[in-house]
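My notes follow in the order in which I looked.

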Amino acid sequence: MFVLPSTHTLLQHYCFMSEKPLKITQSKHSRNRRISAKTSVSGELALDYQVFDEIPVSDTFAWNNLIQTHLTNGDFDLVLLTYLQMLLRCVRPDKHTLPRVLAASCRSGDIFVGKQLHCHALKLGFSLDNYVLTALIEMYGRLDSIDTARWLFDKSPSRNSVSWTLLTRFYIMENKPGLAIDMFNQMVDLGVEIDSVALATAIGACGMLKSLQQGRKLHEIAKKCGLEFDVLVSNSLLKMYTDCGSFEDAREIYDQMPSKDVIAGTTIINGFVRKGGFNEALKLFRQMNMDGLKPDSLTFSSVLPACARMAAHKHGKEIHGYLLRNSTDLNLVVQNAVMDMYVKSGFIEYASRIFVRMKDKDLISWTVMILGYSLHGQGVCGVDLFCAMEKKSTIQIDQVTYAAVLHACSTARMVEQGKFYFNCIKAPNVSNCALMVALLARAGLFEEARIFIAEQKIERHVEVLRALLDGCRNHQQLALGKQVIEQLCELEPLNAENYVLLSNWHANSARWDKVNKLRQTISDMGLKPKKAYSWIEFQNKVHAFATGDVSHPRSQKIYWELECLRKKMEDEKHQPNPDFSLHDVEEERECIQIGHSEMLAISFGLISTQPGATIRVIKNLRVCRSCHDCAKFISKIAGREIILKDINCFHHFKDGFCSCDDFW
């Protein structure tokens with residue numbers, strides 16, 4: 001006769017954990033019977049389960065089925081109640097019973113019950129069974145520690161691939177990918193059968209370590225085992241290679257996969273976007289659609305950042321249209337990605353409409369829009385939105401959002417509000433401090449900025465000095481600007497732009513000997529200053545212009561248009577600011593003003609598009625003051641809105657004004 005293991009402790013624990021009577025309706029898989037269970041704090045369990053009376057005592061299979069049904073439905077309390085009824089009715093559990101009950105204790109997070117079940121396994125003689133052992137290892141690994149799970153594993157005379165893989169996964173969960181790979185290597189050395197799950201888990205650890213060498217070794221093992229193109233393994237290899245930055249290997253795997261799924265496509269798209277291979281990512285996205293793979297929300301949130309550029313705004317609009325036409329699940333992640341795409345591609349008004357229509361907003365939604373307003377010169381709107389978030393939302397504000405509102409305060413030169421929000425940050429980092437310096441410098445409060453820098457002890461941080469230099473540029477503080485440039489040269493001796501800044505400063509005072517000496521220094525050190533380029537998209541083709549460029553097929557017409565505009569400026573006594581003293585591009589100082597790359601791109605836009613159409617230009621460096629003044633004038637006399645994105649922000653030129661208010 002089966003002798004019951006001690007159930008008193010387990011019963012007592014279960015009953016005391018229940019604070020009120022349970023009323024439970026059994027699912028359709030259990031004969032649609034209504035079952036009521038009542039518990040009391042005295043530790044007595046009163047059960048009226050008619051269905052149990054109909055299950056033969058010897059039919060362990062039926063009991064296991066009932067337990068499995070409750071487990072599948074997530075009714076972990078019912079799993080334990082059913083197991084207790086088995087014990088009370090002297091039904092002997094088998095090796096399939098305990099793993100299911102252990103799984104219930106594991107998912108409910110009850111280590112006490114799990115340990116009691118371990119005792120039952122020992123008394124029933126199942127502790128060495130592979131199924132039970134694996135369930136125990138998982139329970140201890142999730143609820144206790146990896147060390148306990150490893151101890152149990154090491155003491156066991158029989159181990160299977162599942163238990164080895166479980167431990168490998170636990171090491172990964174504890175951020176110990178090196179130990180996970182060691183575990184897998186032991187499997188290989190001992191001749192344990194390698195399956196796709198074990199291999200995929202170990203490959204994931206290589207990706208975490210960014211170990212391309214280890215990853216390639218596992219790739220070879222996958223080939224030897226005939227698992228290279230198993231869906232799970234190939235997707236893991238794909239992700240590992242992208243995580244390690246080996247995009248050629250990743251693309252080779254993807255192209256060779258006999259059957260691709262949406263996970264594989266999303267993985268490689270995400271990898272190329274993170275690398276900056278936006279065009280390749282868009283090609284892969286189009287190929288996915290041509291291959292009949294339906295993108296999911298994760299695919300869209302991965303590919304949309306590739307469209308978050310002015311040159312790719314049409315692709316972004318197409319993807320947004322696809323989302324709307326196909327009724328794709330527009331969850332928060334996708335909506336935030338669409339909004340971010342519009343912000344970064346120059347369509348702040350579209351982003352604002354999406355934000356207003358969103359039923360639910362998370363912290364990312366608010367932050368994207370606050371920073372978006374700031375980048376487009378609408379700092380006041382950004383600060384107002386932050387205030388609205390504080391009033392309407394219960395979201396916990398983090399450091400990133402405070403940085404966004406600080407950026408908005410800097411754009412709008414709202415000093416007192418900026419000081420208040422800076423003081424709200426519990427542990428300000430250097431970037432937060434740099435934003436505060438930028439705010440004070442833009443407002444012309446250079447003495448306050450100096451005191452702040454000294455108090456925070458951030459004098460030798462390049463990010464802070466560049467923020468201070470921007471203020472010097474805006475307020476023509478040439479003496480202080482020179483001091484800052486000299487500090488930058490000291491801190492970044494291999495950055496050519498610092499020497500260009502100093503050269504332009506000396507050129508402004510006609511100190512040509514100093515200019516020539518700095519040029520020689522740049523040459524002797526083998527440094528290469530960045531060249532200025534501007535881009536404009538027209539009829540699905542991107543047109544690039546360099547400083548003084550005459551290579552474009554329509555160069556003659558482009559320069560003629562600019563010459564006509566220059567004469568109109570002279571007629572109206574409009575004189576662009578010729579100051580380059582704190583500008584960081586040398587070639588533009590020496591080139592005629594109408595030959596600057598952004599002017600060539602704007603002129604091309606004027607002669608190529610319909611009257612009244614918005615002109616959108618991107619520049620890789622800071623726009624100079626002369627071109628900024630010209631763009632304002634052109635927007636007025638041509639009746640065009642010109643959106644020029646430089647390295648700092650979006651300039652919206654309209655009716656003779658710029659959204660940056662001449663502070664950038």
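**Entry 1: helix 13 and helix 14.** I began with the contact in which S234, L237, L238, Y241 and T242 of helix 13 meet F247, D249, A250, I253 and Y254 of helix 14. I keep in mind throughout that this is a predicted model. Sorted by class, this contact has seven nonpolar, two polar and one charged residues. I then looked up the geometry, and found that helix 13 (residues 231–243) and helix 14 (residues 247–256) pack at an angle of about 160°, their axes being 8 Å apart. Since angles over 145 degrees count as roughly antiparallel, helix 13 is therefore roughly antiparallel to helix 14. I noted the crossing of helix 13 and helix 14 as left-handed.

**Entry 2: helix 29 and helix 30.** Next I turned to helix 29 and helix 30 (residues 512–524), whose axes come within 8 Å and cross at roughly 165°. This angle makes helix 29 roughly antiparallel to helix 30, and helix 29 passes helix 30 in a left-handed crossing. On the side of helix 29 I listed A496, Y499, V500, L502, S503, H506 and A507, which make the contact with W512, K514, V515, L518 and I522 of helix 30. The residues of this contact divide into nine nonpolar, two polar and one charged.

**Entry 3: helix 16 and helix 18.** How do helix 16 and helix 18 run relative to each other? I found that the axes of helix 16 (residues 278–290) and helix 18 (residues 313–325) come within 12 Å and cross at roughly 30°. Angles under 35 degrees count as roughly parallel, so helix 16 and helix 18 are roughly parallel to each other. Their crossing is left-handed. In this contact L282, F285, R286 and N289 of helix 16 meet H315, I319 and Y322 of helix 18, and by class I recorded four nonpolar, two polar and one charged residues.

**Entry 4: the largest pocket.** Last, I looked up the largest pocket, which has a volume of about 980 Å³. I noted that 36 residues line the pocket, and that R466, D470, R622, I647 and N648 lie nearest its centre. Among the elements that give two or more residues to this lining are helix 21 (363–375), helix 23 (399–412) and helix 25 (430–442), together with helix 27 (462–475) and helix 29 (496–508). Which helix gives the largest share of the lining? I found that helix 27 does, with seven residues. By class, I recorded 17 nonpolar, 10 polar and nine charged residues in the lining of the largest pocket.

Technical notes:
Residues are numbered from 1 along each chain as its sequence is written. This is a predicted model: local features need pLDDT of at least 70, side-chain atom pairs count only at pLDDT 80 or more; totals for chains, interfaces and linings use all residues. Side-chain values use heavy atoms; hydrogens and water are left out. On a 1 Å grid over the protein atoms alone, a cavity is a set of points where a 1.4 Å probe fits but cannot get out, and a pocket is an open set with protein on both sides within 12 Å along at least five of seven lines; lining residues have an atom within 4 Å of a point. Grid points are joined across faces, edges and corners, and a volume is the space filled by probe spheres set on the points. Helices (H or I, at least four residues) and strands (E, at least two) are DSSP runs, numbered from the N terminus. Ala, Val, Leu, Ile, Met, Phe, Trp, Tyr, Cys and Pro count as nonpolar, Asp, Glu, Lys and Arg as charged, and the others, Gly among them, as polar. Axes are lines fitted to C-alpha atoms, for helices over the stretch in contact, and angles run from 0 to 180 degrees between N-to-C directions. Angles under 35 degrees count as roughly parallel, over 145 as roughly antiparallel, 65 to 115 as roughly perpendicular and the rest as oblique. A crossing is left-handed if the near helix is turned anticlockwise from the far one by less than a right angle, and right-handed if clockwise. Contact means heavy atoms within 4.5 Å.
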